[in-house]
4 protein chains.
Amino acid sequence: MTQELTVGFVGLGAMGRAMAGNLVRAGYRVRVWNRSPAPVAELTAQGADAAGDLRGAFDADVVVSMLADDPAVEPMLDPALLATARPGLVHVNMATVSVDLARRAAAAHADHGLGYVAAPVLGRPPVAEAGQLAILAAGQSALLDRVDPLLAVLGRRTWRLGDEPYIANTHKLAANYLIACAIGAMAEAAALVDAVGGRSADLIGVITDSILPGPVHSGYGAMIAERRYEPAGFRAVLGLKDVNLALTAGGEVNVPLPLGGVLRDALLDAVAHGDGDRDWAALAEVARRHAGLA
Amino acid sequence: MTQELTVGFVGLGAMGRAMAGNLVRAGYRVRVWNRSPAPVAELTAQGADAAGDLRGAFDADVVVSMLADDPAVEPMLDPALLATARPGLVHVNMATVSVDLARRAAAAHADHGLGYVAAPVLGRPPVAEAGQLAILAAGQSALLDRVDPLLAVLGRRTWRLGDEPYIANTHKLAANYLIACAIGAMAEAAALVDAVGGRSADLIGVITDSILPGPVHSGYGAMIAERRYEPAGFRAVLGLKDVNLALTAGGEVNVPLPLGGVLRDALLDAVAHGDGDRDWAALAEVARRHAGLA
Amino acid sequence: MTQELTVGFVGLGAMGRAMAGNLVRAGYRVRVWNRSPAPVAELTAQGADAAGDLRGAFDADVVVSMLADDPAVEPMLDPALLATARPGLVHVNMATVSVDLARRAAAAHADHGLGYVAAPVLGRPPVAEAGQLAILAAGQSALLDRVDPLLAVLGRRTWRLGDEPYIANTHKLAANYLIACAIGAMAEAAALVDAVGGRSADLIGVITDSILPGPVHSGYGAMIAERRYEPAGFRAVLGLKDVNLALTAGGEVNVPLPLGGVLRDALLDAVAHGDGDRDWAALAEVARRHAGLA
Amino acid sequence: MTQELTVGFVGLGAMGRAMAGNLVRAGYRVRVWNRSPAPVAELTAQGADAAGDLRGAFDADVVVSMLADDPAVEPMLDPALLATARPGLVHVNMATVSVDLARRAAAAHADHGLGYVAAPVLGRPPVAEAGQLAILAAGQSALLDRVDPLLAVLGRRTWRLGDEPYIANTHKLAANYLIACAIGAMAEAAALVDAVGGRSADLIGVITDSILPGPVHSGYGAMIAERRYEPAGFRAVLGLKDVNLALTAGGEVNVPLPLGGVLRDALLDAVAHGDGDRDWAALAEVARRHAGLA
């Protein structure tokens, strides 16, 4: 099975590697680019081409990017890059970025006659490897139609959330916000239960076995119950970044997010106590400290 | 199948009716009592006996009570009642009550040589009917052993959370707290998504299909997405009561619960706007109002 | 100068002693009562009579009470006491009590044909000694007229805030709430300034010399700048009690007080860290801890 | 009285006009520049020179700037401008700007061998006219010494807060934060008092007459009591900007500011309801709305 589209792929972290590999296996011709060279070699061994530079990755019908944050994405908005992109290219940005960057990215691509689609995802690396991501897409319908087969390789379902790319980014920030709230709530509830002589492990056991099943409560809940925050599934500093992005997104449209304010403060507290690189489930330690628990 | 224990049952609301019926069907001799007579008739039609008064219900080996709140439970702490209870009686209080009441109840029963077990539950009436409740039990081991077969009829699993009854009540308040946080978080996230031109129904669809499955997010999430808060699954005034109970429980052991403070304020706001008797998912309307959304 | 009214006076703490002494010096016949005897002796040495018991204090034209909190006030609502009070007595309760107690107290006195006026005060013991308290009074006009000369001895101004006594208590709780917010804000701002290498003493100096003069900012501000919380002007546990009373008063009329929720959490945190008996300016230590400052 | 220093002055809003005028009257040769021409004419009529452009203003021994916000200040960091400034120039930036901009500004000036001092102020236009501002200065001692006579013309006291300019900006943000908290607290307390049938005007009267005197509580308090938010002393959008600057400053050094989170949400709510250009005392309307008060 060979696909006609040439796909540039930018960003070969744990998520990007898994996703690019799936595209290769699905028969796409994939030109990968990454700042550090090791993942490029890994992908070319699987059948991808090395793009050489960002420009090479943008010499494609579709470029998929999966980068860490706004600053990493910023170079792809460079007019000098976009001016030399293959005519008709559609850029599918799957990173979790700010609403502001999403807006500027869409405009920058449009300025050069290029398509831009936002398609951030829900799911961790194993889910990406299995091609089972939940894909939150937004952009013009015609563009979404065009990249749909490609997204079908990467995820089990693509949600179409609106015509403007930033709408997808807002949904993604909202979803992460829900995760943050769930962790923060478990952190507080665990402190309460422990303080009266109960066991937070029981609390997590009860709820995941009944009202709150699923990976967020069971995964982060186990970390909280065991007070084990390493290895980090998602680092507290990244959690703080995402909560701040949600607060900023809210601020732009005058939507107060009071639970987010509480989480921001607690994550700052975690970082101030040296837990920035531990999992954001370390919010449980913040709650314990505030209660004077050892 | 006939059981040897005689069981008093106090409180025949939607939950209590289902639970008492299951005990009857399991072969227990059940003496039911309820403030209003209609549910008593319903249960005697199923094979229960009418206790006549509270005192009659306490003339049993075990009395199970399932009442609405602290004031409803208070009469069962009356020394005049407890003095006339059948010797050796064990009271299994399955209501969601305050930690303070749980402590006083345990002491009052002990004063009269009676056993007291707290066993609040997670699950709505259909779950109760199916005998599939999650039961959060605490009390002396010997007492828990004694009522275990009975609890096995009512739920699919009994968690033993500690020797002191109030520990179970604290777990229950903590579990409700997690539900409240989940609803409050969805309310805010939905307002954000709607404000940028997305659809909160999509947000709920995405998360319940991936990271946050389960009855809390799908049930209350649907109400939020549809902005339909009637009929109420759980009324906002009751949600406010439970959040206040959690805050009070935290206050007694110096555990700050900052997310709960936010929820308390939002629920007060809901009540102030006439939504006290609608479902507490009406928190979504509070978030919308604060954002100036129509 | 001798006054015709006989005044019972209940509660001879630091505030009450100063106030009762002023009444004696103004020529009133004052019958004092206090749980511990030493202050009674001090006042009789100044010319007061010892009431012997609460009943003796209520054998008067006006009884003024100045007690610590709700539980201390509760015995004065006892029907057995009120039934034996001198006919026509007016009780002027100058303590900071809950809105709920204020309502019950008014009703209990009315049941026995007695008058009840709430008149909590702003000012510390030296202000009380100087007869310069700000008096926040509420109750029926005729009753306020009657006790007005007496209040004029105790304070420099009596504010008439409404016909229902609890309105005065609400104003008092609101005033204390403003103090709590001022302290909490200085605590956070001081942590910010210190964290960037500034000096919180400068911040306090700047503001008290310009935009925020007055005893609250200069007094508590100095404690914060010096990180000296003893001797306590007002203990953290009492601050927590008053913030909780304000939150409860708000809850009864559906008024969310979100700043108060933050203060409640911070005060709980202070108590959890052993600062309950230090001045509530120790909120500054809470802010420092959350920021990881030594 | 003639001074030897030539002073450039950038920014002739209500504050800048008053300050530049005072410098002219003190005998300085002042070269003024402003984006719109009218205030320039007003100042030249008082004896100032028109600088013609920003470059002209920077052809001076000292340049004082008093602009609205970060974007307005940004052009003064342009290397092309700084490269042509008079050698030895000291820039005294008296605006309320972000900590981040303060850091970048200091570095940009140092790159060109120029001095940079931050000297934001507390005080409104009438205070500026009277030369009675409180000046919060930070920068190298030698530079502060040099501009001290000039600052003495503008204010009644100059506080030296540190060697790094951003420290002064942090103090200024902290001071504004205290004002915001005071207003927010009065807003909530007023809603509480009004909700129980009291009068918020009484509350404001009581506190400004006793524990919380001074311009912040009496000025904004009057607006709250009268529910009159126009003309704005300080617009809600600017208040929101400053609270956000404080939160950001805190975020950079891991200092949580939970009261600020509450204020941010309330100010967003105010803006969402069309009160962005009214005085930030309109926070009182937010508190009223949340309580369901008309």
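## Two domains in chain A

Domain bounds here come from an automatic or database domain assignment. On that basis, chain A splits into domain 1 (6-163) and domain 2 (169-290). Before going on, please note that this is a predicted model, in which local features need pLDDT of at least 70, side-chain atom pairs count only at pLDDT 80 or more, and totals for chains, interfaces and linings use all residues. Residues are numbered from 1 along each chain as its sequence is written, while chains are lettered from A and ligands numbered from 1 in the order in which they are written.

How far apart are the centres of the two domains of chain A? Taken over C-alpha atoms, the centres of domain 1 and domain 2 of chain A are separated by 29 Å. The two domains also touch: twelve residues of domain 1 of chain A are in contact (C-beta atoms, placed from the backbone, within 7 Å) with 13 residues of domain 2 of chain A. The domain 1 side of that contact is made up of eight nonpolar, two polar and two charged residues. For this sorting, Ala, Val, Leu, Ile, Met, Phe, Trp, Tyr, Cys and Pro count as nonpolar, Asp, Glu, Lys and Arg as charged, and the others, Gly among them, as polar.

## How chains A and B are related

Two copies of a chain are related by a rotation about an axis and a shift along it. Chain A is superposed on chain B by a rotation of 180° with 0.0 Å of shift along its axis, at an RMSD of 0.0 Å. That is the relation of a two-fold axis.

## Where chains A and B meet

The contact takes 56 residues from chain A and 57 residues from chain B. Elements giving two or more residues to the chain A side include β8 (133-137), β9 (155-160) and α9 (165-195) of chain A. Here helices (H or I, at least four residues) and strands (E, at least two) are DSSP runs, numbered from the N terminus. Which element gives the most to the side of chain A that touches chain B? It is α9(A), with 20 residues.

By type, the chain A side holds 39 nonpolar, twelve polar and five charged residues. The copies meet through the same surface, because 100% of the interface residues of chain A are also interface residues in chain B.

## The pair of chains D and C

A rotation of 180° with 0.0 Å of shift along its axis superposes chain D on chain C, with RMSD 0.0 Å. Their contact takes 56 residues from chain D and 57 residues from chain C.

Key: Copies are superposed by least squares on the C-alpha atoms of residues with pLDDT of at least 70 in both.
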